[in-house]
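Hi,

Here's the structure I promised to pass on. Have a look at it first, and then read my notes on the pockets below.

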Amino acid sequence: MDAGMDTRTDSPRRWLGAPLEQLPTPALILDQAKVRGNAERMRERCRALGLRLRPHVKTHKTLEGAALATGGTRRGIAVSTLAEGRFFAAGGFDDILFAFPAQEWHLPECAALARRLQAFQLLVDSPRGLELLRQNPLPGGKRWLVWLKLDCGNARAGIRPTDPEALELARAIARGCPEVVTLAGVYAHCGNTYGCGDIPAVQDVARDTTKAVLAFVTRLRQEGIPCPEATIGSTPSCSHPVPEMSQLTEVHPGNYLFYDLQQTQLGSCRPEEVAIRVLTRVVGHYPHRRQLLLDCGWAALSLHGRDRGPPGCAAIEGHPQLRLVGLTQEHGQVEAVDGELDFQRFPVGSTLALIPYHACATAAMHPVYFVHAGGKVVELWHPTRGW
């Protein structure tokens with residue numbers, strides 16, 4: 001088969017059973033055994049702590065990945081966009097948490113999902129957000145299921161649990177209009193684990209976040225405010241959970257299904273557990289500048305990681321002597337780390353596998369994921385897109 005032949009107009013199904021080296025490049029490939037192993041290990045960690053696992057699906061955005069992450073139950077997921085909410089609801093999933101503070105323009109679609117599903121849940125982190133829900137009650141006796149979003153140091157969305165306003169807002173959610181709104185729980189994302197340098201530092205953040213959440217829940221209960229659920233999440237914190245997390249009710253990691261170069265640097269996983277690669281081809285030799293040219297640019301990889309250490313946006317699997325030194329939209333430039341580049345080892349048309357720095361950003365660039373086992377494509381995963 002001609003590796004350069006234009007096959008993009010054909011159905012991706014034609015590649016089922018094909019050897020990886022025949023795929024049109026750039027292509028996102030997933031190791032089936034590694035994805036399954038990552039899913040099972042996270043489920044086992046949660047079982048050991050007595051926690052429910054609510055997988056965040058924003059990394060892969062696929063029905064296949066979410067079915068694997070939920071152990072086939074298709075219940076209890078977190079989504080980051082309403083496009084994901086619609087997609088997973090249509091795919092038979094329920095108990096969906098929209099993990100983004102609800103805005104006025106979200107409400108019509110949120111209401112449609114709340115009517116459709118047994119449990120559609122959303123986040124509130126301000127009195128304004130709560131007032132929007134009060135002014136837009138659900139029909140048929142249904143109530144908005146609301147998680148109060150806490151900021152325990154991540155400095156993104158959320159209200160700080162130590163602020164007096166946080167307790168007031170929780171009280172208003174629980175008691176202000178009980179026929180319209182119900183307080184489902186409190187939610188914190190410890191994304192600040194991504195700024196850590198090692199596993200102990202990650203665990204310190206997870207411990208601090210857990211303690212802050214539990215202290216807030218204790219205050220609520222002392223005030224007689226029911227708060228059934230308490231959750232934190234991030235792949236680093238959930239990959240090496242601390243014992244204190246067993247006092248929560250659930251966790252919501254997402255990246256762990258694929259892992260990536262960033263997670264190996266944080267200690268979340270071993271390099272051999274990273275399931276994602278971008279397959280690319282050598283398209284040119286440029287001896288005068290000692291470079292190989294690849295057919296993978298930032299449009300198939302993303303630029304995330306370019307300022308995060310020597311590997312940059314991706315490491316080149318099996319070739320530590322090579323480094324990716326430049327990315328334009330459709331081209332990648334590769335040089336030797338030290339010394340001369342042996343062009344004969346990398347003929348034009350040969351393939352290389354790139355381990356991306358950030359799987360979430362890389363996956364967002366691809367319309368289909370080629371899942372492989374035994375060197376051949378065995379599944380195709382189709383992500384949803386948009387907002």
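This is a predicted model: local features need pLDDT of at least 70, side-chain atom pairs count only at pLDDT 80 or more; totals for chains, interfaces and linings use all residues.

Residue numbers start from 1 along each chain as its sequence is written, and side-chain values use heavy atoms, without hydrogens and water.

The largest pocket holds about 660 Å³ of space. Its lining has 32 residues, and His56, Lys58, Ser80, Arg156 and His189 sit closest to its centre. (A pocket, on a 1 Å grid over the protein atoms alone, is an open set of points where a 1.4 Å probe fits, with protein on both sides within 12 Å along at least five of seven lines; lining residues have an atom within 4 Å of a point.) Strand S4 (94-101), strand S7 (181-189) and helix H9 (261-266) each give at least two residues to this lining, and S4 has the largest share, with three.

Then there's the second largest pocket, at about 270 Å³. Here 18 residues form the lining, with Arg52, Leu53, Thr73, Arg75 and Gly76 closest to the centre. Helix H1 (32-49), strand S2 (52-53) and strand S3 (75-79) each supply at least two of the lining residues; the largest share, three residues, is from H1.

Cheers

How values were computed
Grid points are joined across faces, edges and corners, and a volume is the space filled by probe spheres set on the points. Helices (H or I, at least four residues) and strands (E, at least two) are DSSP runs, numbered from the N terminus.
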